[in-house]
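Subject: Structure for your review

Dear colleague,

Here is the structure I said I would send. My notes on it follow below.

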Amino acid sequence: MRVVIIGPPGAGKGTQAKRLAERFGLSHLSSGDILRTQKSSGSELGKKLRTYIDAGALVPDEVVVAIMAGAIAAQAKDGLLLDGFPRTLAQAQALDRQLEQLCLPLELVLVVDVPDEAVVERIVGRRSCPKCKRPYHVKYLRPRNDGRCDDCGLELQQRSDDTEETVKKRLAAYHAQTAPVIEYYTGAGRAPVVKVDGRGSPDEVTARLFEVLGAQAQRKRRGQATEVTARD
Ligand code: AMP
C-alpha cells in the first residue's frame, strides 16, 4: 500500500506512523526526520535547513521534493507510509507526478484530526530518543525510567522547534498550506481520504487507524484476488 498521513503538528503522526508501518509492513518515510538528519549533518544544506526548521517555517518545496524523491523511488514498490509529506499543493502535485511515472498510485490519505487547543500541550511535552527516535510525552506517553528511552536507555531529548512560540507558527503554516492538500485529494477524487479522530490516548488513536488501514488492506487483497480470478 502507498499511504499518506496528514495532520497538524502534534497530532501524533510520528508515533502513529511508526506503529502503522510496523503493523502493515510499510516503509515509514518522515520528511521531518529526514530533514532533521540533514540539518544535524553539518553540511551547507543542513545549515540552510536549520534556518527554516528552527523558525517553524516550511522548507522550500523544491528542496523537500528533491530530498523525498530519492527515498520514495527506493521504497514505493514495497509499500510506503509518507508522514509530513506532501505538505503543500506543489509537493502533492510533484508526488502525484512521481507516483504516476512509477505506475504506483497513492491508495489512501489518512487525516488525523486534532483541534488547535490540544496541539500546544501535546507538542511542548514531546520528547524522543536521540538514537532510535522512539517518541514519548511527559504526560501522555511516559518512559518506564524518568527521562530515559525504554529501548536504548539514552536520555530523551526535546526538539528545538517544539516551543510554544514555534508551534503557533507551525500551526499557521498547517492551516494555510497543508489543509488545501486535503482538499486537493478529496476534490478530484485523486485518492480516498479518511479522517480519523486524533483525540484520546495514543492507543485509542492507533486502534482507529488500524481499523481504517486494515479495511483498505482487505479491499486491496480482494481486488487482487478478483484480478487473478478474472485472468484465470
Ligand atoms: P515535522 O517533524 O513533520 O513536524 O517537521 C518539522 C519541520 O520540518 C517543519 O516545521 C518544517 O520546517 C520541516 N518540514 C518537514 N516536512 C516538510 C515538508 N514536507 N515541507 C516543508 N517543510 C517540512
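**Helix packing**

In α5, the residues Leu 89, Ala 92, Gln 93, Leu 95 and Asp 96 meet Gln 177, Pro 180, Val 181, Tyr 184 and Tyr 185 of α7. Sorted by class, this contact of α5 with α7 holds seven nonpolar residues, two polar and one charged. Please keep in mind that the model is predicted.

Helix α5 covers residues 89–101 and helix α7 covers residues 164–187; their axes lie 8 Å apart, at an angle of about 40°. Angles of 65 to 115 degrees count as roughly perpendicular, those under 35 as roughly parallel and those over 145 as roughly antiparallel. The angle between these two helices therefore makes α5 oblique to α7.

A second pair is α2 with helix α4 (residues 61–75), where the angle is about 105° and the axes are 11 Å apart. α2 and α4 are therefore roughly perpendicular to each other. On the α2 side the contact is made by Ser 31, Ile 34 and Leu 35, and on the α4 side by Val 64, Ile 67, Met 68 and Ala 71. By class, the contact of α2 with α4 has six nonpolar residues and one polar, with no charged residue.

**Ligand site**

Helix α2 (residues 31–39) also matters for the next item, as the largest share of the shell around the ligand, four residues, comes from this helix. There are 16 residues around the ligand, and those that come nearest are Ser 31, Arg 36, Ala 57, Gly 84 and Gln 91. Divided by class, the shell residues are seven nonpolar, four polar and five charged.

Which atoms of the protein lie close enough to the ligand to list? I noted these distances:

- Ala 57: a backbone N or O atom is 2.6 Å from an oxygen atom of the ligand.
- Gln 91: an N or O atom of the side chain is 2.9 Å from a nitrogen atom of the ligand.
- Arg 159: a polar side-chain atom is 3.1 Å from an oxygen atom of the ligand.

The ligand taken alone exposes 480 Å², and the protein buries 96% of that.

**Backbone details**

The peptide bond from Phe 85 to Pro 86 is cis, with omega near 5°. Pro 86 sits in the loop between β3 (80–83) and α5. Cys 103 has a positive phi, near 55°, and is a residue other than glycine. Cys 103 belongs to the loop between α5 and β4 (108–113).

Regards

Key. Residues are numbered from 1 along each chain as its sequence is written. This is a predicted model: local features need pLDDT of at least 70, side-chain atom pairs count only at pLDDT 80 or more; totals for chains, interfaces and linings use all residues. Side-chain values use heavy atoms; hydrogens and water are left out. A residue is near a molecule or strand if one of its heavy atoms lies within 4 Å of it. A polar contact is a pair of N or O atoms within 3.5 Å; within protein, one must be able to donate a hydrogen and the other to accept it, and residues adjacent in sequence count only if both atoms are side-chain atoms. Accessible areas come from the Shrake-Rupley method with a 1.4 Å probe; for residues, only the protein chains shown count as cover. Ala, Val, Leu, Ile, Met, Phe, Trp, Tyr, Cys and Pro count as nonpolar, Asp, Glu, Lys and Arg as charged, and the others, Gly among them, as polar. Axes are lines fitted to C-alpha atoms, for helices over the stretch in contact, and angles run from 0 to 180 degrees between N-to-C directions. Contact means heavy atoms within 4.5 Å.
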